[in-house]
Amino acid sequence: MTSDTELKIFTGNANPKLAQEISSYLEVPLGKAKVGRFSDGEISIAIDESVRGADVFVIQPTCNPVNENLMELLILIDALRRASAWRITAVIPYYGYARQERKTRARDPISAKLVANLITAAGADRVLTMDLHAGAIQGFFDIPVDHLTAIPILADYFKGLDLKELVVVSPDVGGVIRARNLAERLGAEIAIIDKRRPAPNVAEVMNIIGEVEGKTVIMVDDLIDTAGTICLGARALKEQGARAIYACCTHPVLSGPAVERLKDAPVEEVIVCNTIPVPPEKDIPKLRHLSVAPLLGEAIMRIHRDESVSTLFD
C-alpha cells in the first residue's frame, strides 16, 4: 500500500448509525452511495464518487432482515470491485448464518461456509468481524479475517459498576473461553450452565457447575436471540441462591419472544453492544447499550496502515 492510498468508508442500510459513529471516530466522511430498491424489490446500488485505487471498508452487519442485508453487502462489494477499488474490506460487526457452522444431523447445510464463499466471490479482499458464534468460521474464508471481541468493552462497563463477589457464568459449555476471558479481566470466579437443546431455539438447563450462592452473577454470551437460554439460566441461578444477576452479550438479535422474556426475567440489566440496531419497540428499560464504534474504527485504521490489530487486546 502506498502512503497516499485513500481510506473510504461505505455502508448499506443494516446499521447506518454505527457506520456514522465509526466515520466520526476516524474523521473520514461516509462514502456517497445510494442503496435502494427497484420497484420489484431488487437491490439498486449506485456509487456516486470515485473509488479507483482506494482502500475501501464496507460496514454492513448481516442482521435482520438477514437476506436483504447480505445481498446489499454482496452487491456493494461487487460495485466497488468493478469500480477499481484497490482493496475492499467487508466490515461485518454481526455475521449472520454463523449458527449453522457444522453438520449436527444428516443432510444439514453449513450456511456459515456458504456465506463466506459468497463474500469472497463478490470480491472482498479481507473481513473484519466481531465475536463470531464459532471462532472456527475464520477458517471458512480463504482471505484474511480480523476477529475482534467486545469483551474488553463489557469488562470496562462492569468495572464501572464496582460489583462485589462476582461470578461470570457461561450459559453453555461452548462459551467457557468467552466467560473465562471476561472473568480474568474482572478478577472474578467462573461457573458453567450445563445446557442441552432438544430443538433449535429451545434450551433446557441440566446443572450449574460452580458456586453462585450469595454471589453477583454476570451471564455472558455472544448473542441473545429469543432469550430462552439467558432467561432459563437466570431463573436456575436465582434458585441456586444468586444475589443479583446481570446478562450481557455482543449481538442483541432479540427475535420472537425475546423482549417479553427479558422483561420478566430476574436480571438487573441486559448489557448489549450496537453491532445490531435495536428498534425503539424493543428498547426496554433493562437494556444498556455500549458502542463498538471506537474499537472497529481503531481496527480499520490499523488495517489501513498495515499495523497489528491483535495488539488492541494485549
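User: Is arginine 302 buried or exposed in this model, and what is its relative accessible area?

Analyst: Please keep in mind that the model is a predicted one. Arginine 302 has a relative accessible area of 18%, and because buried means under 20%, arginine 302 counts as buried. Arginine 302 belongs to helix H8, which covers residues 293-304.

User: Which residues does arginine 302 touch, leaving aside those up to four places away in sequence?

Analyst: With those set aside, arginine 302 is in contact with Glu307, Ser308, Val309, Thr311 and Leu312. For leucine 312, which is 10 residues away from arginine 302 along the chain, the separation between the two C-alpha atoms is 9.6 Å.

User: How should I read salt bridges, and how many does the structure hold?

Analyst: The general idea is that side chains of opposite charge can pair when their charged atoms come close. In this structure there are 20 salt bridges. One of them pairs the side chains of aspartate 55 and arginine 87, with an N to O distance of 2.8 Å. Because aspartate 55 sits in strand E4 (residues 55-59) while arginine 87 sits in strand E5 (residues 87-92), this pair ties together parts that are 32 residues apart in sequence.

User: Are aspartate 55 and arginine 87 buried or exposed?

Analyst: Both aspartate 55 and arginine 87 are buried, and for aspartate 55 the relative accessible area is 0%. The side chain of aspartate 55 also makes a polar contact, at 2.8 Å, with the side chain of histidine 304.

User: Which residue forms a salt bridge with lysine 8, and how far apart are the closest N and O atoms?

Analyst: The partner of lysine 8 is glutamate 6, and the closest N and O atoms of this salt bridge are 3.7 Å apart. On the side of lysine 8, the relative accessibility is 10%, so this residue counts as buried, whereas glutamate 6 is partly exposed, its relative accessible area being 46%.

User: What are the values for the salt bridge between arginine 105 and aspartate 108?

Analyst: In the salt bridge that joins arginine 105 to aspartate 108, the closest N and O atoms are 3.7 Å apart. Arginine 105 counts as exposed at 56% relative accessibility, while aspartate 108 is buried, with a relative accessible area of 18%. Elsewhere, salt bridges that share partners join Glu6, Lys8 and Glu49 into one network.

User: What is the volume of the second largest pocket, and which residues lie nearest its centre?

Analyst: The second largest pocket has a volume of about 230 Å³. Its lining is made up of 13 residues, and those that lie nearest its centre are Lys17, Asn274, Pro277, Val278 and His289. Helix H1 (residues 16-26) gives the largest share of this lining, namely three residues. By class, the lining of the second largest pocket has six nonpolar, four polar and three charged residues.

User: Turning to the backbone, which residues are joined by a cis peptide bond?

Analyst: Asparagine 64 and proline 65 are joined by a cis peptide bond, for which omega is about -5 degrees. Proline 65 is part of the loop between E4 and helix H2 (66-82).

User: What is phi of tyrosine 97, and what is phi of arginine 107?

Analyst: For tyrosine 97, phi is near 65 degrees, a positive value in a residue other than glycine. Arginine 107, although not a glycine, has a positive phi of about 70 degrees. Tyrosine 97 lies in the loop between E5 and helix H3 (111-122), and the loop between E5 and H3 is also the place of arginine 107. Tyrosine 97 is partly exposed, with a relative accessible area of 31%, whereas arginine 107 counts as exposed at 75% relative accessibility.

Note on methods: Residues numbered from 1 in each chain as written. Predicted model: local features only at pLDDT ≥ 70, side-chain atom pairs only at ≥ 80, totals over all residues. Heavy atoms only, no water. Helix = DSSP H or I, 4+ residues; strand = E, 2+ residues; numbered from the N terminus. Buried < 20%, exposed > 50% of the residue type's maximum accessible area, 1.4 Å probe, protein only. Contact = heavy atoms within 4.5 Å. Salt bridge = Lys/Arg side-chain N within 4 Å of Asp/Glu carboxyl O. 1 Å grid on protein atoms, 1.4 Å probe; cavity = no way out; pocket = protein on both sides within 12 Å on 5 of 7 lines; lining within 4 Å. Points joined across faces, edges and corners; volume = space filled by probe spheres on them. Nonpolar A, V, L, I, M, F, W, Y, C, P; charged D, E, K, R; others polar. Polar contact = N/O pair within 3.5 Å; in protein donor to acceptor, adjacent residues only side chain to side chain.
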